[in-house]
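Please examine the sequence and the model shown below. The paragraphs that follow go through selected parts of the structure in turn.

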Amino acid sequence: MSVTVEPEFLIRVFLKLRQRGVQLGVSDLLAALRLLDGDWPFEDLAELRQDAQRLWCYAWEHKHLLEEVWREEQPSQPATPPPPVEKQPATFKSDSGLRPQEAKATPSPQPSETPVAKPDETIVSTLPVRAPTLSGGRAELSIRWPLTTRAMAYGWQSLRRLRPDGPLTEIDFDATLGRIARDGHFTAPVYRRALRHHARLLLLIDRRGSMTPFHSLTNDLLTTARQAPEIELVEARYFHDVVTETLYADPLLNDPLTLDEALAGCGPETSLLVISDAGAARGRLDSDRILATAEMIATVRRRSALLAWLNPMPPYRWLRNSAQVIQHLAPMFPLDQNGLTDAVKAVRGHHSSKPQAGALQASTR
Amino acid sequence: MSTTQKYWFHADQRLSAEIDRRSITDAWGADVPATPEPYVPAPGLARAVNLAMHLGRPLLLEGEAGCGKTRLARAVAYELGLPFYAWYVNSSSRAREGLYSFDALLRLHDVQLRKQSEGTNATLPRDPSNPQEYRRWEALGKAFDVAQQGKRAVVLIDEIDKADADFPNDLLTVLDDDFKFTVPETGEMVSARRADNSVVKPIIIITSNREKGDLPEPFLRRCLYFYVEFPDEAALRQIVAKHASDPKKADDALVAAAVTRFIQERKNLKLRRKPGTSEFLDWLKALETFGGAEAPPPFPADRLPGATAMPYPETLFKVRDDWRPHADSTK
């Protein structure tokens, strides 16, 4: 081992990771500190960082987080400056002002100071209309959604509805013993049916306009739902702003369906999730939108009462616009980790913690 | 500490030659892989394995299909001369199935048999009053058993994401710091902790598919995490060299052309299912040794590069849309 590492350094990194939402426990810190005991060989800090990555980063997204925190906490050393190409994408993040003090404290070259390379400027000047390009460096493509795909997949798991209607494959020992007691001898085992998943999910997804920034997020939601083994059938219907007479079968809104057609597969046990900002993104109070939404909710509730609304805008943006009214028409949850859990709970057929409209409670029983 | 220091995985088959396999006379000796497992680990993977052994934590491998997640466990077991137990998880797997199985039906049957044979002097194969006769250790149970004898075992839990949502959580209680479980049917308590209070933790390697990613966070937290990237051109060549039955006979020009073409083909974003390493090796074998009278093997290396159709597409492409562009133009 050629370097010595202070335990405090790892503790600081650990605490910062926890602050940024990586769920780690004390045992994980102790495990990392064991690496400093002297039994575990590492050549330099970079190698130790990789080990910490294996230990602490359990999702693809955390990897970048640890690298960032490690850089911030790393004791200053005359390290060779990293290649500028690698650094360029980081400029995007540090510009958002996440690290105001550290940037000055550490002597390591901070990417925010590096100017944009000259060749790029000339290209931009020759083309009058052009979005800034990332092609020069490796773009930072890590997902920074309010919820990761892992969290989505985990959220869908609680939607499960198991019913014993699979093949007759499981031996029912209690019943077998009961039969022996009754008959006085053992004839054959008693079988019971295997449990199978029966959850059905219909997603009504708002597209375009104010929802455009969330297209990728809603796509991820749909993909994870389709992959979840707990859900037997996932359907998606699309609309723009408000569900009127027509919905669409495709995300590009080309293939129209009437409301009846769109809801054809929807029975009383189908869970329905509407994903829309309900006017919260633009912040208008639009009475037409509210009325149309109320009508849609009433129509849908006739088929299934298991309805909830996922709003990608945070709750403080629901005030004083259409969303504030619509959240009283249907249980509305923010589209983050807790919101998704609550929404799934609401459409699973159990009562959510919030009191719902009478109609909902009556039919979920 | 001594138990953890004893093992060090180098991903080098030659090292395993130092282990005299005939000297392993314990009961678990038969579980040590006897045939070599050619394996080229991704950069950093060997270190991750050693870290897992050092800390006694399970190693979770994620990555696309066909990049060698499953084979690692056997390669580790072979190189270190340790018993190897695999547990292939399926959609109906329960955590208990990896620990032990209990054949209650057979016991019931034996009870009936004894009733009927009362008075005769027939001997029964098993004694139904002893529940342990009907309990069989499964992968993890066997590993704990070996641990009791002071030896580490390698356990592979393959495709953990296939199982139900509760599965990893149930497993968690076993893989926690204590490494122990009880068998309610027989009242046995099985633990990796030995009589002298030392814990010999099995080396547990878990694989999962990247796409789903629905493993619970507490479970992930207990594991070391490694994402296995698909091998690059240099690594693929190494893999070919390791798998070659006779390195002298290998046609270097053909291998080089095949590797380049394969990597190029994998970059095709339209592919619905990307071929993995084992498919590549099959394809290479077809190129080297397969052919009819009009086109005797090997396939000419100079016909591989470029945008022409791939020969033997059926070894690589398993989705119709991927396969068709190569199949049509060969006619």
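In this predicted model, A:C266 has a relative accessibility of 7% and therefore counts as buried, the limit being under 20%. B:C223 is likewise buried, because its relative accessible area is 2%. A disulfide is a covalent bond between the sulfur atoms of two cysteines.

Chain B contains an open sheet of five strands, arranged in the order 2-5-8-1-9 with parallel pairing. Its edges are formed by strand 2 (84-88) and strand 9 (224-227) of chain B, each of which pairs on one side only. From one strand to the next, the twist averages 20 degrees. Strands of a sheet pair through backbone hydrogen bonds, either parallel or antiparallel.

Strand 5 (residues 154-158) of chain B runs parallel to strand 8 of chain B, and four bridges join the two. Within this pair, B:V154 has B:I203 of strand 8 as its bridge partner. Strand 8 of chain B also pairs with strand 1 of chain B, in the parallel sense and over five bridges; here B:I205 in strand 8 stands opposite B:L59. Strand 1 (residues 59-63) of chain B in turn pairs with strand 9 of chain B over four bridges, again in the parallel sense, and B:L60 has B:Y225 in strand 9 as its bridge partner. Strand 8 of chain B is mostly covered, with six of its seven residues buried.

Helix 3 of chain B lies across strand 1, strand 8 (203-209) and strand 9 of chain B, and runs at about 170 degrees to strand 9. The largest nonpolar core has 125 residues, of which A:W56, B:L72, B:L171, B:F280 and B:W283 touch the most other members. Helix 3 (residues 45-55) of chain B gives the most to this core, namely eight residues. A second core of 59 residues is separate and includes A:A151, A:A262, A:L307 and A:A346. Returning to B:F280, its contacts beyond four places in sequence are B:L236, B:V240, B:A258, B:V259, B:F262 and B:L316.

A further point of interest is A:D28, which is placed in helix 2 (residues 26-34) of chain A. Is A:D28 buried or exposed? The relative accessible area of A:D28 is 0%, so the residue is buried. A polar atom of its side chain lies 2.7 Å from the backbone nitrogen of A:G25. The side chain of A:D28 also makes a polar contact of 2.6 Å with the side chain of B:R221. When neighbours within four places in sequence are left aside, A:D28 is in contact with A:F14, A:L55, A:W56, B:R57 and B:R221.

In chain A, strand 5 (residues 199-206) contains A:I205. This residue counts as buried because its relative accessibility is 1%. Which residues is A:I205 in contact with, leaving aside its neighbours within four places in sequence? They are A:T218, A:A236, A:R237, A:Y238, A:F239 and A:I275. A:H215 is 10 residues apart from A:I205 along the chain, and their C-alpha atoms are separated by 9.3 Å.

Note on methods:
Residues are numbered from 1 along each chain as its sequence is written. Chains are lettered from A and ligands numbered from 1 in the order in which they are written. This is a predicted model: local features need pLDDT of at least 70, side-chain atom pairs count only at pLDDT 80 or more; totals for chains, interfaces and linings use all residues. Side-chain values use heavy atoms; hydrogens and water are left out. A nonpolar core is a set of buried Ala, Val, Leu, Ile, Met, Phe, Trp, Tyr and Cys residues joined through side-chain atoms within 4.5 Å. Buried means under 20% relative accessible area, exposed over 50%, partly exposed in between (1.4 Å probe, protein chains only). Contact means heavy atoms within 4.5 Å. Two strands pair if DSSP finds at least two bridges between them. Axes are lines fitted to C-alpha atoms, for helices over the stretch in contact, and angles run from 0 to 180 degrees between N-to-C directions. A polar contact is a pair of N or O atoms within 3.5 Å; within protein, one must be able to donate a hydrogen and the other to accept it, and residues adjacent in sequence count only if both atoms are side-chain atoms.
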